[in-house]
Each structure stands twice: as structure tokens, then as C-alpha cells.
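Visitor: I have a structure to look at and some questions about it. Can we go through them one at a time?

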Amino acid sequence: MDKRIEEVKSGNRETISQIYKEYRAGFILFLSRYSLSKEEIADIYQDAIIAFVENVQKGKCDDLSVELKTYLFSIGKYMAFKRMRNQREIDPHELESHWYQEEKEEIPNLEPALSRLGKRCYEILKLFYYEGKKLEQIQEIMGYDKKDVLKSQKSRCLKQLKDYYGKD
């Protein structure tokens, strides 16, 4: 585990501040290619840092398999896409193509792991993460009777993907 993650987990404000300063300029540059104002990008960065710290403190980053920067930027990218989708400033299909392209660049081993999943798992994860569909929408699209069954299936699929990804 990255030493800085351990420090963030223990609540070290100096380390959080250091991470914030270290990645801020790159993050702003990274998201400047999208139709967002500088103020929106700064807000998203604040939110991404908060989400990152919360995830670390909940233990979600204990076995982080990507660089801290990549993880932080993915949080921010997801938040930016969600904001743009909510503002209808970007076509959902354009979002999907951006997402796929950038994920392939950032995590090249994810595609083989995705291809190992069954068709149902692949579809659930694609609808939820890539297309940003809500569970209720996925339930309707895929014909699940109960949302809880879908939630459990999504959780199992995600675990399966993480297991595969870890082995690649």
C-alpha cells in the first residue's frame, strides 16, 4: 500500500493537502478538454478529493491496483461525465466512447478481464458504469423482477471482475 494512502487513512491533513496540491494542475488540465468551466472543474476536483479521502478512510483503497493519481482522476472523470450528462451537454454515446478510450489507455488489462465475464455480468457493468444507468433502469432493461436481486448480481459481477483483473 502507498505510504500516502496509509497517512490519509490515519487522517494526516498535511498529506491530504500535499496530494491536493500535487495533482490539482494536472487534474484541471485533464478535464479542460471537456465542456466545463474552470469553476466547474475546480468544484469537481474538490469533490473528487473528498470522495478519495472518504474511500481511503473506509478501506476501499487498501488494495489499490492503480496509481493514486489514476484513481483520483477516474473519480473526477466520473463526476465530470455525470455532471455533463445531467446538463445534457454531451451525448451519452460520446460519453461512452470517451470512457472506453480513456479506460483502455489508463487500465489496459481491464478489457481481457471484462471479456471473461459472462454476457449478463458484462451487460450489467456496462449499463451501470459506462452508460450511467440507474439500477431501476437496468432492472427494466434486463428483466429482473426485484432490484435487490440485481444489486446482488452487480456486486458479484464486480467482485468477479476485480478477481479477474487482479490475476491479469
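Visitor: Which residues of α2 are buried?

Guide: This is a predicted model, and in it the buried residues of α2 are Thr-15, Ile-19, Tyr-23, Phe-27, Phe-30 and Leu-31.

Visitor: Why might buried residues be spaced like that along a helix? What is the general rule for residues that point the same way?

Guide: An α-helix has 3.6 residues a turn, so residues three or four places apart point the same way. The list for this helix includes Thr-15, Ile-19, Tyr-23 and Phe-27.

Visitor: How many residues does α2 have, and how far does it reach?

Guide: Helix α2 covers residues 13-31, which is 19 residues. From its first C-alpha to its last it reaches 25 Å, close to the 27 Å expected at 1.5 Å a residue.

Visitor: Where is the kink in α2 centred?

Guide: The kink is centred on Arg-24 and is about 40°.

Visitor: And what caps the N-terminal end of α2?

Guide: Asn-12 does. One of its side-chain oxygens lies 3.0 Å from the backbone nitrogen of Glu-14.

Visitor: Now the whole protein. How many helices and strands are there?

Guide: The protein has 9 helices and 0 strands. Along the sequence the pattern reads α-α-α-α-α-α-α-α-α.

Visitor: How much of the protein counts as buried?

Guide: The figure is 39% of the 168 residues. The protein exposes about 10,200 Å², and carbon and sulfur atoms supply 48% of that area.

Visitor: What share of the contacts join residues at least 24 apart?

Guide: That share is 62%, counted among contacts between residues at least 6 apart in sequence.

Visitor: Change of topic. How many disulfides does the structure hold?

Guide: It holds 1 disulfide. Cys-121 and Cys-157 form it, with their sulfur atoms 2.0 Å apart. The pair links distant parts of the chain: Cys-121 is in helix α7 (residues 119-130) and Cys-157 is in helix α9 (residues 147-167), 36 residues apart.

Visitor: Is the link of Cys-121 and Cys-157 left-handed or right-handed?

Guide: Left-handed, with -75° about the S-S bond.

Visitor: Is Cys-121 buried or exposed? And why?

Guide: Cys-121 counts as buried because its relative accessible area is 8%, and the cut-off for buried is under 20%. Cys-157 is buried too, at 0% relative accessibility.

Visitor: What about Cys-61, buried or exposed?

Guide: Cys-61 is at 1% relative accessibility, so it counts as buried.

How values were computed: Residues numbered from 1 in each chain as written. Predicted model: local features only at pLDDT ≥ 70, side-chain atom pairs only at ≥ 80, totals over all residues. Heavy atoms only, no water. Helix = DSSP H or I, 4+ residues; strand = E, 2+ residues; numbered from the N terminus. Expected span 1.5 Å × (residues − 1). Bend = angle between axes of the 7 residues up to and from the residue. Buried < 20%, exposed > 50% of the residue type's maximum accessible area, 1.4 Å probe, protein only. Polar contact = N/O pair within 3.5 Å; in protein donor to acceptor, adjacent residues only side chain to side chain. Contact = heavy atoms within 4.5 Å. Areas by Shrake-Rupley, 256 points an atom, 1.4 Å probe, with all protein chains shown as cover. Disulfide = S-S within 2.5 Å.
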